[in-house]
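Please read the following account alongside the sequence and the coordinates.

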Amino acid sequence: MGGGVGVHGGCRRPDIAGFLDEHVQQMRSLTPLESKHALDLDGLRKPDITFWSVVDGDRLVGCGALEKLDARHAESKSMRTRPARQRSGVASTLPAHILREASGMGFTRLSLETGSAEFFLPARRLYEKFGFQPCEPFGDYRPDPNSTFMTTALCMPHA
């Protein structure tokens, strides 16, 4: 783990596809197909999405993305920590980075969708620590008993 944990932009690492496939497969095993909103690699390459990977040295340990919904509102997408690295600080690195980036991009609101099942409780608690509160569905989402929607207001960076 020589290089330390860092966040890097882009999804060109050769190990990203497999990492995201594991994420999508896990979400499919936990959530009915109509309630699964995790993006695969192609979905994360859309023009309105910015993607980051979290690496420890040269090992991929997490990822996250930001999707522009409109000029002031963005959605945090595809946050994932490698299971072996859960509870090691990687998960906290992602929302902190995404919140800073979203604010720096001029967004005033950041929202997310996560699961409502017990499995997702640690994620919901993490998001609450970063100021996210439950909200109504946003963007193209519709009410769904398998989803929890959360949002937070962002401070504009000082010029």
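The paragraphs below begin with the model itself and then move to its parts.

This is a predicted model, in which local features need pLDDT of at least 70 and side-chain atom pairs count only at pLDDT 80 or more, while totals for chains, interfaces and linings use all residues. Residues are numbered from 1 along each chain as its sequence is written, and side-chain values use heavy atoms, with hydrogens and water left out. The pLDDT is the predictor's confidence in each residue, from 0 to 100. The chain averages 83, and 74% of the residues score at least 70. Confidence is lowest in strand β1 (residues 5-9), with a mean of 58, and highest in strand β6 (residues 133-134), at 98.

The chain has four helices and seven strands; these are DSSP runs numbered from the N terminus, with H or I of at least four residues for helices and E of at least two for strands. Along the sequence the pattern reads β-α-α-β-β-β-α-β-α-β-β. Of the 159 residues, 47% count as buried, where buried means under 20% relative accessible area, exposed means over 50% and partly exposed lies in between, with a 1.4 Å probe and protein chains only. A contact requires heavy atoms within 4.5 Å. Among contacts between residues at least 6 apart in sequence, 63% join residues at least 24 apart.

Strand pairing is the next topic. Two strands pair if DSSP finds at least two bridges between them. β2 and β3 pair in the antiparallel sense over eight bridges, with Ile49 opposite Glu67 in β3. The hairpin of β2 and β3 has two residues between the strands, and Gly57 in this hairpin takes a positive phi near 65 degrees. β3 is also antiparallel to β4, over six bridges, and these two strands form a hairpin with four residues between them. In this pairing Cys63 stands opposite Arg80, and Lys68 stands opposite Ala74. On β4 there is a further pairing, with β5: these strands run parallel and are joined by four bridges. One partner pair here is Ser76 with Leu112 in β5.

How enclosed are these strands? Eight of the 10 residues of β3 are buried, so that strand is mostly covered. In β4, nine of the nine residues are buried, so β4 is largely enclosed by the rest of the structure.

The nonpolar interior can be described by cores. A nonpolar core is a set of buried Ala, Val, Leu, Ile, Met, Phe, Trp, Tyr and Cys residues joined through side-chain atoms within 4.5 Å. The largest has 17 residues, and those with the most contacts inside it are Leu66, Leu110 and Phe132. At least two residues of this core come from each of β2 (49-56), β3 (59-68), β4 (73-81), α3 and β5 (109-115). The element that gives the most to this core is α3, with four residues. A second, separate core of 11 residues includes Ile49, Phe51, Leu60 and Ala65.

Helix α3 spans residues 90-104 and contains His97. His97 is buried, with a relative accessible area of 12%. Its side chain is joined to that of Trp52 by a polar contact of 3.2 Å. A polar contact is a pair of N or O atoms within 3.5 Å; within protein, one must be able to donate a hydrogen and the other to accept it, and residues adjacent in sequence count only if both atoms are side-chain atoms.

In helix α4 (residues 121-129), the buried residues are Leu121, Arg124, Leu126 and Tyr127. Just after α4, Gly131 takes a positive phi of about 95 degrees.

The last topic is the aromatic side chains. Rings of Phe, Tyr and Trp (its six-membered ring) pair if their centres lie within 6.5 Å; planes under 30 degrees apart count as stacked, over 60 as edge-to-face and the rest as tilted. The structure holds five aromatic pairs. In one of them, the rings of Phe138 and Tyr141 have centres 5.1 Å apart and planes at 70 degrees, so the pair is edge-to-face. Phe138 counts as buried at 5% relative accessibility, and Tyr141 is buried at 9%. Tyr141 also pairs with Phe149: the centres are 5.3 Å apart and the planes at 55 degrees, so this pair is tilted. Phe149 is buried, as is Tyr141. Phe138, Tyr141 and Phe149 form one aromatic cluster.
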